[in-house]
Amino acid sequence: MRALLRLRRRLPLPLTARLSFSSSEPHEIPTIYSFLQPSIFAPRPRPQPPPPPPPAAHDTAPRKTLPVADAEALESDLLAAVAEDRTDDAWLAFKSLAASSRPPSPPAAAALISHLAGAGGAHHRLGLKRAFAAAVFLLEKSPHAAPVPEPALGALFSALAAAGSAAPALALARAMLRCGRRLPAFPVWGHPLIELTRDDAGAFAAFLKVFDEACKLVVGEKALAEAAAMRPDLAACNAVLAGCCRRLGSVADAERVLETMSAIGVSPDVESFGSLAFLYAWRGVSSRVDELDTLLDALGFSKKGFFKNLVSGYLKSSNFESVSSLILRAVKEHRVGYGNVFDQESYSEVAQCFVDHARIRELAQLIIQAQEIELTQQPMSVEDSVGFGIVNACVELGLLNKAHSILDEMTAQGASVGLGVYSSILKAYCKEQKTAEAAQLVAEISAAGLQLDAGSYDALIDASMTAHDFPSAFALFKDMREARLPELRSSYLTIMTGLTENNRPGLMASFLDSVVDDPRIEIATHDWNSIIHAFCKVGRLEDARRTYRRMVFLRFEPNNQTYLSLINGYVSAEKYFNVLILWTEVRRKGTEFNHELIDAFLYALVKGGFFDMAMQVIDKAQEFKIFLDKWRYKQAFMETHKKLKVAKLRKRNFRKMEALIAFKNWAGLNT
């Protein structure tokens with residue numbers, strides 16, 4: 001820091017575009033009106049100060065001397081009115097005290113000002129006026145050491161900031177400086193003023209004068225504890241410095257703030273130097289940029305923020321050559337593994353500014369030169385390239401046609417376009433379902449001898465599935481496999497999910513069968529279950545059965561969900577014999593049964609009249625200690641076999657008769 005200050009003193013800098021601080025600024029309020037008639041607020045967003053009143057006319061009037069008892073009674077009335085939300089009564093009590101020789105005590109003043117500042121509804125504006133007038137009066141006239149406690153001042157400054165009242169807030173700060181008392185802690189008043197004035201150059205210029213005066217008091221304060229409380233912190237100093245650099249654009253003011261920071265013992269950080277970098281680049285002070293560059297090296301600070309702010313400053317001054325040179329320098333100095341050279345915000349700023357000034361050719365040249373440097377470095381991801389950053393920024397800004405124009409310009413200049421430059425545009429075409437433009441771009445990529453990455457393929461496949469163009473999606477996936485890309489799972493899931501949502505189990509089965517031998521795709525039982533469930537859902541039970549057989553043949557182990565889908569499909573079609581066959585197969589496999597599977601089998605077998613097999617299911621339920629709701633199966637029996645007679649069944653099949661009797665006894669149908 002001291003090195004930068006020495007450099008500043010040694011190399012005097014001409015003032016460039018410094019804003020003057022005139023006493024006629026709209027935010028200056030030369031005279032504070034009497035609290036008896038507060039009228040500094042005007043209904044307009046930028047209030048003009050009223051004509052000054054007769055100088056200190058209210059100060060010449062003799063003050064009435066109140067007995068102590070009367071003053072204490074008035075103060076009690078004031079506090080009671082505040083507590084009971086009787087604002088007008090509280091204000092009248094305050095006026096009576098203020099007109100006498102005994103102003104309110106600090107606690108009473110704090111209660112009144114906090115109450116007035118927090119007034120809501122129709123009384124909000126009047127409450128602010130009164131709170132402001134009371135605070136100014138007490139700061140200037142009260143004999144107490146701290147006439148308005150810090151919490152009350154903080155509440156008033158915050159209320160003025162919330163109301164967007166810059167002029168009264170600045171006037172109140174000036175009153176604090178004039179009264180000759182110790183300043184409150186900086187966060188109480190400084191932070192609200194920073195927020196209030198940061199977006200208004202005139203208001204900020206007025207605040208800067210207040211900030212300078214406050215810092216002088218900090219420097220002159222001998223008590224270390226009190227100086228520490230009054231001192232603005234680094235964040236506040238950085239906000240003030242940023243206002244000088246980005247809002248005022250004044251080199252002299254910015255460097256004066258830097259000197260002030262040094263005087264009050266606040267050391268600048270990377271953010272401080274970033275604001276200065278922006279300012280020096282904007283104002284074209286190359287010598288200062290070089291000084292900062294050297295200083296950052298000496299301090300060991302990262303230059304990522306430094307480069308970002310330089311780019312913003314050069315763009316603000318339309319110095320496009322310096323922007324390109326700086327980006328290329330950053331690429332050369334960039335170390336792989338540290339992320340992108342610039343963030344998305346910087347690339348967006350570059351893209352927007354170049355496009356606005358019709359400099360597509362220069363953007364193309366910048367990407368070409370950056371690619372040449374990137375090729376000499378260690379391999380980096382596509383997203384870390386300058387070309388991707390700029391083109392993707394165009395896409396994000398809605399400048400898709402301009403992004404494609406950059407590619408055309410690069411091709412016209414005979415340059416090879418990296419895949420990273422293509423991929424962002426391709427994904428944007430897919431997202432907007434511009435399939436014709438996407439197909440044209442894929443052809444350009446192939447003609448350039450480039451191979452799409454998995455992410456680009458997935459975006460194309462997703463767009464095809466969204467458009468219900470299933471053959472194109474299958475063809476793209478085939479291209480992915482033939483290109484020997486290692487990652488296929490994402491695109492595989494995109495296709496399977498799309499086919500499931502569109503109830504196309506036949507295509508799901510054929511697609512799965514075509515990729516089942518590919519080791520890059522981890523196919524599991526649930527993939528087959530999805531197809532079986534989809535077939536059963538649309539009533540294609542034979543296809544579901546064939547898929548199940550194919551699954552078993554390829555040694556994928558069915559699970560309970562597989563069987564449940566088949567059972568539910570068979571029951572919906574009243575094909576109970578198929579459930580009987582499935583039960584026999586499942587029982588022989590020794591499957592681990594759960595309640596849901598046992599219930600599905602038993603219900604279907606009872607509906608089908610296969611009571612011998614139903615009793616086997618009941619035995620399995622007892623073996624696995626699974627509770628069964630007998631009422632459900634009673635209903636199934638009564639719905640289907642209510643007229644079935646045991647006597648008739650005895651003559652035809654004695655074994656079935658025994659099974660029927662056993663089931664009725666178990667279900668309680670014989671009672």
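How many disulfides does a search of the whole structure find? In this predicted model, the search returns zero.

The largest nonpolar core comprises 216 residues. Within this core, the residues with the most contacts are Trp-189, Phe-477, Phe-601 and Phe-663. Helix α9, spanning residues 201-220, supplies the largest share of the core, with eleven residues. When residues up to four places away in sequence are not counted, Trp-189 touches Phe-157, Ala-173, Met-176, Leu-183, Pro-184, Phe-207, Val-210 and Ala-214.

A helix pair was also characterised. Helix α17 (residues 344-356) and helix α19 (residues 386-396) have axes that come within 8 Å of each other and cross at roughly 70 degrees. Because angles of 65 to 115 degrees count as roughly perpendicular, α17 is described as roughly perpendicular to α19. On the α17 side, the contact involves Gln-344, Tyr-347, Ser-348 and Ala-351. These residues meet Val-386, Gly-389, Ile-390, Asn-392, Ala-393, Cys-394 and Glu-396 of α19. Classified by residue type, the contact between α17 and α19 contains six nonpolar, four polar and one charged residues.

Methods
Residues are numbered from 1 along each chain as its sequence is written. This is a predicted model: local features need pLDDT of at least 70, side-chain atom pairs count only at pLDDT 80 or more; totals for chains, interfaces and linings use all residues. Side-chain values use heavy atoms; hydrogens and water are left out. A disulfide is a pair of cysteine sulfur atoms within 2.5 Å. Axes are lines fitted to C-alpha atoms, for helices over the stretch in contact, and angles run from 0 to 180 degrees between N-to-C directions. Helices (H or I, at least four residues) and strands (E, at least two) are DSSP runs, numbered from the N terminus. Angles under 35 degrees count as roughly parallel, over 145 as roughly antiparallel, 65 to 115 as roughly perpendicular and the rest as oblique. Contact means heavy atoms within 4.5 Å. Ala, Val, Leu, Ile, Met, Phe, Trp, Tyr, Cys and Pro count as nonpolar, Asp, Glu, Lys and Arg as charged, and the others, Gly among them, as polar. A nonpolar core is a set of buried Ala, Val, Leu, Ile, Met, Phe, Trp, Tyr and Cys residues joined through side-chain atoms within 4.5 Å. Buried means under 20% relative accessible area, exposed over 50%, partly exposed in between (1.4 Å probe, protein chains only).
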